[in-house]
Structures are given as C-alpha cells and as structure tokens.
Amino acid sequence: KQEHTIIAFVFLFVKKTLTLQKSKTLKKIVVTGPESVGKTTLCMELQKRLNAVIIPEYARTYIESIGRHYTYDDVEQIARRQVAEFKKAVADNKDKDFLIMDTFLIVTKVWFMHVYERCPKWLLSEIDNEKIDLYILLKPDIEWEEDPVRENPHIREYLYEWYKKEIEQIGANYVEIGGEGSIRTKRALRAINKLKGEKTQISD
C-alpha cells in the first residue's frame, strides 16, 4: 500500500511539472516610440538582464541598404519582413522567457498613414492577430540625435500620441516610460516584472 502511495505521489509530481512546463509561454514585448528616443539602446540593456531574444529594427537596415528614397512598396516589404521575423522568433525560442521587438507593426502602420494616407489591409489584420503582451512606449523627452535615416525631429510628440492612440484602440497592454539612461531601463524592467496577464498602464 505504501508503495502504491509513493508511485501515486511521483506520478502527480511529474504530471504537475509537465503541466507547468507546458503552460510556460514566451512573453512578447514591443519597444516602441518616435525616432531618437533610445529604443535600440533599451532593447540591448534588457537583453543583458533578461532571458530574452531581441528582434532588431529591420526598417533601418532596409532603408540604409537601398541607396534611394523609400517607396510605398518598400515600406510594405519592411512590414512583411517584420511579420516573418516575429513568427520565426516565436517558433524558434521556446526556451526564452521574453521576445523583445525593436519597433513593430503599429509604427509601420503609422508610417504608412503619415506618408501615404493609406496602408495594406493585411497589415491591419496582422496587428489584431499578433497578440503582444506589453508595449513599452518611450517618451520623446531626450535630446534628438541627427541621423541620415531619421526624418521627423519636429513632430515626435505628435507621433508619440498617435502611437499611443493606436495601442489603446486595440486594447493592448502598455507602459509609458520617460527619463534618461539607466532610469528608462529600471522603469522598463519594473513594468516587465509586473507582466502577469493583467492590463496595466503606467506613466513615469
């Protein structure tokens, strides 16, 4: 009888352990905001401190490579690459706790609408379908740094509010973060540590 009790206990322990492992999900985080707010820097700092994989900003790489001004078709190609990289990263990184994206589809949608006043319908569907656990929206409260790829130094606040509106429209979980250097990193980590599936809006 005692032997049966031990076997039953071991069975329940193994079952519980497997259930917990199965329930572990990759948390998907987007670091977003206007140009020159430290998105890439924050992503790198978070990667140092978390069991995370980073998807770098593809738009910059693409724009720097074409050697001309971008077109509507270029932006759509960027959007498709963003989706493909996102889905591949989700499939390939089951051992990670976090998937962190340096900008994502909402920024691309606003890019389409701001420049061309239209965007592909498939992109709207992707934004709805790709469930993001947390958007980290960085405030434009640090100094603008000139860069050949950047183009909107005077409307960062405007774009910031637009991104925020888009995030709220899809009912996504987000946090607004300001401050310089390590302050942003600490605030971002605090928000990530609160990721428990509950919706939160934190202003700093």
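Two strands pair if DSSP finds at least two bridges between them. Keep that rule in mind for the strands below. The model is predicted.

Start with strand S1. S1 and S3 pair in the parallel sense, over 5 bridges. One place to look is Lys-27, which stands opposite Phe-98 in S3. S1 also pairs with S4, again in the parallel sense, this time over 4 bridges. Here Val-31 has Ile-136 of S4 as its bridge partner. How many of the residues of S1 are buried? The count is 5 of 6, and S1 is mostly covered.

Now step back to the whole chain. The protein chain has 8 helices and 6 strands. Along the sequence they follow the pattern α-β-α-β-α-α-β-α-α-β-α-β-α-β. The chain has 204 residues, and buried residues make up 45% of them. Look at contacts between residues at least 6 apart in sequence: 77% of these join residues at least 24 apart.

Helix H2 comes next. H2 covers residues 39-49, and its buried residues are Lys-39, Leu-42, Cys-43 and Leu-46. Where do these residues sit around the helix? Look down the axis of H2: the buried residues fall within an arc of 100 degrees, so they line one face of the helix. What do they pack against? Four strands are on the list: S1 (27-32), S2 (52-55), S3 (98-102) and S4 (134-138). Helix H8 (182-193) is there too.

Val-75 is in helix H4, which spans residues 72-92. Val-75 is buried, and its relative accessible area is 0%. Which residues does Val-75 contact, once its neighbours within four places in sequence are left aside? They are Tyr-70, Thr-108, Trp-111, Phe-112 and Tyr-116. Take Thr-108 from that list. Val-75 and Thr-108 are 33 residues apart in sequence, and their C-alpha atoms are 7.5 Å apart in space.

Charged side chains are the next stop. Side chains of opposite charge can pair when their charged atoms come close. The structure holds 13 salt bridges. One of them joins Asp-147 and Arg-60, with the closest N and O atoms 3.0 Å apart. Asp-147 lies in the loop between S4 and helix H7 (156-169), while Arg-60 lies in helix H3 (residues 58-66), so this pair ties together parts that are 87 residues apart in sequence. Buried means under 20% relative accessible area. Asp-147, at 18%, is buried. Arg-60, at 23%, counts as partly exposed.

A salt bridge also links the side chains of Asp-141 and Arg-184, at 2.2 Å from N to O. Asp-141 is in the loop between S4 and H7, and Arg-184 is in helix H8, so the pair ties together parts that are 43 residues apart in sequence. Asp-141 is partly exposed, with 41% relative accessibility. Arg-184 is buried, with a relative accessible area of 5%.

Move on to Lys-164 and Glu-176. Their side chains meet in a salt bridge, 3.2 Å from N to O. Lys-164 lies in helix H7 and Glu-176 in strand S5 (residues 174-177), so the pair ties together parts that are 12 residues apart in sequence. Are these two residues buried or exposed? Lys-164 is buried, and Glu-176 is buried as well. Elsewhere, salt bridges form a network that links Glu-45, Lys-48 and Arg-49.

Finish with Arg-156, in helix H7. Arg-156 is buried yet has no salt bridge. Which side chain of opposite charge is nearest to Arg-156? Asp-141 is, at 7.4 Å. A salt bridge needs a side-chain nitrogen of Lys or Arg within 4 Å of a carboxyl oxygen of Asp or Glu. What does the side chain of Arg-156 reach instead? At 2.9 Å there is the backbone oxygen of Ile-142. Ile-142 is also among the residues that Arg-156 touches, not counting those up to four places away in sequence. That list includes Pro-34, Glu-35, Ser-36 and Val-37. Pro-140, Glu-143 and Trp-144 are on it too.

Note on methods. Residues are numbered from 1 along each chain as its sequence is written. This is a predicted model: local features need pLDDT of at least 70, side-chain atom pairs count only at pLDDT 80 or more; totals for chains, interfaces and linings use all residues. Side-chain values use heavy atoms; hydrogens and water are left out. Buried means under 20% relative accessible area, exposed over 50%, partly exposed in between (1.4 Å probe, protein chains only). Helices (H or I, at least four residues) and strands (E, at least two) are DSSP runs, numbered from the N terminus. The arc is that of the directions from the helix axis to the C-beta atoms. Contact means heavy atoms within 4.5 Å. Lys and Arg count as positive and Asp and Glu as negative; His and the chain ends are not counted. A polar contact is a pair of N or O atoms within 3.5 Å; within protein, one must be able to donate a hydrogen and the other to accept it, and residues adjacent in sequence count only if both atoms are side-chain atoms.
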